[in-house]
Amino acid sequence: MNFLRLFRSAAAFLLAAVLFSSTACASSTRSADVIAAALGEVGNAEGPNEYSKYGEWYGLPNSYWCDMFVSWCAMRGNVPADQFPRHCSCTDHVKRFVQMGRYQESMARGNNYIPQQGDVIFFYNNTRYPSGSVKNHTGLVLYVEDGYVYTIEGNALANRLDLPYDIVSEQRVDAMEPPDYVTVNCYPLDAPRIHGYGIPAYGDRTGLPLDGFVDLGRHAQSAAVFQSLCSAGVMEPTSAHTFSPNHGMTRAEFVQMTVDFFGLQGCAPETAAFADVPPESGAYAAVMAARSAGLLDGGEDNRFLPDRYITPQSAQTILNRALAYTGLAEQSFTFSLGDYSYIVSPYTIRADIAKAFDALCREMPLSAAFSGGVVLNGEARDWPVRLLDGVCCVPAAALREAFPDLELPGVPGEEPEAAARLKPEQAFDKEPEPAKCPVPMGNTDRVLPASVALRRGDAAADAAGFAYRGTLYVSLPAAAELLHLELAQEPDAVVLTAR
């Protein structure tokens, strides 16, 4: 009797220990650890014959590896299989979550569940298997923002959002695609190809804190460029923590960015609208300005195709036409092809677009208005002053008015031979042209740097300068040196005094 009691007590103790251990284990598992493991793999590509380290870990080194990638991340996050089932088949993986009672179908299938970070997202070919009996892809949910779900996927390419999934799926040819890799994609929450979400039984679902762009992968060396462009408002990120370097950009987005950068606004009255960009379209003003400036051709059937990804050739052509319209020389940019460029139409990637605009930013830097005034020999002057790299610059015409014996090329009334001393690569040595509509650089603080020759009697100097909204500015320190003026730059004034 005593032995039986002892046995029962020992069994109860062991059962309690097991239950306590399971509870402790469950409470210690974190979705953040799984996501951290997945983000650490972004950019990692498969080898020949579908080889992946995730498949090798699972025991199928040369198989489709999207589901094995998800399972590998669960393993690296130390989440037990009874909380986060492992598998190599998306269809069977869904069955595991269904058996656990931890599966939610998508909005497109009539559910209102909003996925959370760490959920497993499952896709299917909704046109071929409308019942959802076969699932063909999977990944991990990173976050939801503005009606889109952002995912981390292995055995994947950067998805096209400018074409319906059925078109992309029907035209896919494995032999024409680059090697698959780990990437961050996004989809509308109601995208028809999303079947649903597996919900692992994490003990802690506190989200992983994210810093900067987390989807750069092989483009990580350009992080500073991407961040600088977004901070300056030249480009827009695709979400709070994604730049989507391998994704495409729509033609409307590219033209809007180009028009904003070159300060083009308005259009000539005779400019014809595109058939597929009506006045109520959000892209109408930018597209009309670009067409008025000659950046865009009419296209087939007078269509612009605003929602189609921009091609490398179109991106190059539009930028070169904008440079020519502004008076600068054409440039050759690198616009490589996106992952699915063989489907319907080729397209270039956001990373290369960013690099092109980064080069333009260096050629056409931003200037800023100086909040103070100018005092010349004790007299206040109403001169607009702009700062470029911290140097005060003033309109050439203002200097010419204050110092009639100062020769400044390009200023009205200057002799032709003086104007010819501008360096030939600048546009200021040309005869004045009729005003164009829209005015080049007329709606931006960016400038067109120039080298301006100054002459006063026998003294001459080459001064830095720039064109700002059609007005030629000259470096005030360089002009002051030639004019024998002492210059003192104070926070609220620039003081010039004769020596």
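A salt bridge here is a side-chain nitrogen of Lys or Arg within 4 Å of a carboxyl oxygen of Asp or Glu. With that in hand, R386, D445 and R469 are linked in a network of salt bridges, and the count by this rule is 15. This is a predicted model, so local features need pLDDT of at least 70 and side-chain atom pairs count only at pLDDT 80 or more, while totals for chains, interfaces and linings use all residues. Residues are numbered from 1 along each chain as its sequence is written, and side-chain values use heavy atoms, with hydrogens and water left out.

**Salt-bridge pairs**

- D162 and R160 pair up at 2.8 Å, N to O; D162 is buried (under 20% relative accessible area; exposed is over 50%, partly exposed in between; 1.4 Å probe, protein chains only) at 13%, and R160 is buried at 6%.
- R172 bridges to E177, with the closest N and O atoms 2.9 Å apart; R172 is partly exposed at 37%, whereas E177 is buried at 12%.
- R381 and E379 meet at 3.7 Å, N to O; R381 is partly exposed at 26%, and E379 is partly exposed at 44%.

**Helices α8 and α9**

- Helix α8 spans residues 251–261 and helix α9 residues 284–292; helices are DSSP runs (H or I, at least four residues) numbered from the N terminus.
- Their axes (lines fitted to C-alpha atoms over the stretch in contact, with angles from 0 to 180 degrees between N-to-C directions) come within 9 Å and cross at roughly 65°.
- In contact (heavy atoms within 4.5 Å) are V255, Q256 and V259 of α8 with A286, V287, A289 and A290 of α9.

Note on methods: Helices (H or I, at least four residues) and strands (E, at least two) are DSSP runs, numbered from the N terminus.
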